[in-house]
Amino acid sequence: MDAASCCRVFSTTQRYRLPLRRLAPRRPFCTEPTSDAFATSKRRSRGPVMAAKKAAQGMKQEDGKYKQTVDLPKTSFGLRANSVVREPELQKLWEENQVLKRVSERNTGATFVLHDGPPYANGDLHMGHALNKILKDIINRYKLLQNHKVSFIPGWDCHGLPIELKVLKSMDKEALNALTPIKLRQKAAKFAKATVTTQMKSFKRFGVWADWDRPYLTLSPEYEAAQLEVFGQMVMKGYIYRGRKPVHWSPSSRTALAEAELEYSDNHVSKSIYAAFKITNPSKPGLLEEFLPNLCLAIWTTTPWTIPANAAVAVNPELTYAVVELQSVLESESTSGGNQRKLGSILSPSCEKPFIIVAADLVSVLESKWGTKLVIQKSFPGSALEHCRYIHPVNGNECSVVLGGDYITTESGTGLVHTAPGHGQEDYLTGLKYGLPIVSPVDDEGNFTAEAGQFNGLSVLGTGNSAVVKYLDEQFSLILEEPYKHKYPYDWRSKEPTIFRATEQWFASVDGFRDAAMDAIKRVTWIPSQAENRIVAMTSSRSDWCISRQRTWGVPIPVFYHVDSREPLITGETIEHIKAIVSKKGSDAWWYMTTEELLPDKYRNKASEYRKGTDTMDVWFDSGSSWAAVLANRDGLNFPADIYLEGSDQHRGWFQSSLLTSIATTGKAPYSSVITHGFVLDEKGFKMSKSLGNVVDPENVIVGGKNQKEEPGYGADVLRLWVSSVDYTGDVLVGPQILRQMSDMYRKLRGTMRFLLSNLHDWKPENSVPYSDLPKIDKYALFQLENVVASMKDSYESYQFYKIYQILQRFAIVDLSNFYFDVAKDRLYVGGRVSFTRKSCQTVLNAHLLYLVRAIAPIMPHLAEDVWQNLPFQHTLDDGSAAEFVFNLKWPVRNEEWLSVPKDDVDFLSVILELRSEVNKILESARTGKLIGSSLDAKVYLHAENANTVSKLKELSSATNDADALHRLFITSQVEILPSLREETTSGVSYTGNFSDERTGDIWIGVARADGEKCERCWNYTRDVGSFLDHPTLCARCHGVIDLPPVPAAAAVS
């Protein structure tokens, strides 16, 4: 790569194509790039640079005597990042020098705490992990630059079924038979710790800064003790109770599940039925007698297996119900049969048709559904049906009609709800109201128990379900059977369907502190703001929290049960005693210590009367106690945390469990702000799946896959740049094409930083030009820079990193390269090593380097550090010490002087940039027409009618400093302002165009060949070339800056 490569003008033809949020209205610091702006790369003159470089490389030149006078860019900072090698070197540099610790301790601002939500220690990292941890790291690094003390403690969730299942699957049958609870726990702990080590290594490779030597693990004794402390406080406040009520139960995992442990499938198909329950006794005399004894209640259910547990039929007292007569069955319906839809025996021609009670509003719907003619015989309010008696369709007992709530509607079904308090939340609440029995004849594996009679041993989700339907049909109780597709809860680990089942469990009574939680939510800042609606909906409607699990790998619920009465023993004293044991020995002690050892002295003489409980705590109680185990216990942290940041699914998970435990015990939320991000999808918007072959592995993104051509290693900073580019508040996309675009963006940004470094190779801070002496164009560049960095700061503060990406793409790559860098090359390379204009330009470049390296550091810390380690000069901090690392710096302080450029000057220079784009079009036409070769072969003519415009154009065209000269801004040899467009002045101008703006009026543009001769050194055309006998091929400017011995006077005279 030649030295001129650092001067290249980058095209945006490969710009990032992901749909991004609309940009804010343009600010005065930025000009909108157009396709014509990129003609610069074809027309600008690299002659002097290329000639000097070729000569330096030993290539033949016609005349190389001025090659040493051209100030070529020089830097050891490569254009190729070689990230796979270089990034680990930089990470090692940070680690060996304890940069995070030293910077944080040196900062004098307030402590900033972003509390890490613990990932499960049960597998390799995926792109969701990368998105999450990199977002956190961007925030933490920005806060370091803002002078905050930052202590980021990474955490891992180490208990629970996912890890237990991984261990069990790894064991053979013989090992499983010999497995004891303590052995299982030991294997699970070993697996979790090994996974933590692997995941930690990957997180470090992402460039994430954290206190890796002191992570928090939910299996550590001190953590478990803190968790038991939270549990104990909730017990003492009366929030924890044991009860028999329906909970989500996973037959595949054989344990109760919390709402957060469910996944809802939209494609689940249930066997739904309409069934008839025969009425034996009306509730009110004279209401239904005329229809007896052949009168039935019609119910609809998608869980026929719950019919054996039926305890009542519920109606809505506000709805109108009707007795309908079944008059006929359509022939097509009676013969339809098949697997998809089947009419019940009650509708067979040979069966006497009963009268049926349904909601009046559903009569026409049910006529169509059942394929029958339904004639209304009588109507009445639902309240009239209360206490009607009917025969249980399976066991023959008499049951009652009860009044339910708003959950009974006419949107589906019959308006009458089969009620089994042991298998549904609404059913359970209705059952409590009427004192109904809580029947749940289902075991842990999801099979009917003996209580279900003839169905004993059958799977409720399989053969048992079908057997119930068949039995109802045989008893002439089945009206219709059909498949029903709907949303249904699945176990998120086993991916198998769950059921509602009443069991003895431990619960946290959310009602006891729900109002306080709702008030706390209002005081938290939610990002995005709509996240508040989600957490409000989930918290306001949630039932009591089932916190017990029937598994071995977890924190035990510290309770003892009386051997005879089964009454639980759980007091402040017993909990405190067990907590003290666990804090020293870990929760394994619950399994290997005896009941006598675990009981406090007060109860030891009765140890034989008690047994230890076997339930463990819900893992959401584990992670939901992290605020107590980490924030409240670790030095250097704050409670509540400044920020919690996790995926949007955590509104029902960690965000909520943390909120509930904290509110219950402290009365306040554990966080001040909550940020949520979406899920990572492939480039087409599909969920990643190994079966689809669309999984993007973050490790492969960084170091490359097996096939380096198809999966090249881009390095961590490209991955981090992708994170910054997406609007993470929704689902985000990633894939090979997007990563290539990110790599291209990174390469261009690296080129921008390389240009800055290479043109400051001889820079010394004492060479800085005072702001008041800077040319207008340099002041304008600093004005742009200050506004850009201020916008970046606003975006960092609002956590809208995609806006920073857009600013970098537009300003650091497009605007700087296509304008300021482009026009600066002339004075940098051939303007003279010690010239004022070169020093003023380097003053501006130095400011850009120091600002941009800090602006990109939170997102691309490796690139920023690589730049800093290649800094050609020493940067001194305010305290006089040298900044060894980029994070020794602080975010730039707002520079009011740089913002003091008069608005009139800002507006006019903005117009000049737009005018320059129009001039470029005409120059390109002249080049295509072979009038010129490069833009330096040209002279530009301008004519304006607006007097103020003319005055300003003349001011620039005759600028006292070379930097502001209009021909330097256009990269042409001359610019002339014409007083009029008379034929004698324009006749030789063959390429013309017009520019119009309301601020300047119309400006006529013409392009012709430049006047004078071409300077051998700078390739500008001037009339003074040939005026110097000692250097007859140089212009006056070059003659004045070359550092060569002068020609003797006698020779000059001759």
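Phe476 is partly exposed, with a relative accessible area of 47% (buried means under 20%, exposed over 50% and partly exposed in between, with a 1.4 Å probe and protein chains only). The structure is a predicted model, in which local features need pLDDT of at least 70 and side-chain atom pairs count only at pLDDT 80 or more, while totals for chains, interfaces and linings use all residues. Residues are numbered from 1 along each chain as its sequence is written, and side-chain values use heavy atoms, with hydrogens and water left out.

Phe476 is located in the loop between helix H13 (463-474) and strand E18 (478-491); helices (H or I, at least four residues) and strands (E, at least two) are DSSP runs numbered from the N terminus. Its phi is near 55°, a positive value in a residue other than glycine. A positive phi, near 60°, is also found at Tyr799, in the loop between helix H25 (776-797) and H26. Tyr799 counts as buried, at 12% relative accessibility.

Two cis peptide bonds occur in loops. The bond from Ile527 to Pro528 is cis, with omega near 0°, and Pro528 is placed between strand E20 (525-527) and helix H15 (531-541). The bond from Phe639 to Pro640 is likewise cis, with omega near 0°; Pro640 falls between helix H20 (626-631) and strand E27 (641-647).

His423, in the loop between strand E17 (416-419) and helix H12 (425-434), counts as buried at 10% relative accessibility. Leaving aside residues up to four places away in sequence, the contacts of His423 (heavy atoms within 4.5 Å) include Pro246, Trp305, Val439, Phe500 and Arg501.

Overall, the protein has 34 helices and 36 strands. Its radius of gyration is 39 Å, well over the 31 Å that the globule rule gives for 1054 residues, so the protein is more spread out than a compact globule; the radius is taken over C-alpha atoms, and the rule is 2.2 Å times the number of residues to the power 0.38. The C-alpha trace spans about 135 × 75 × 50 Å along its principal axes. Of the 1054 residues, 58% count as buried.
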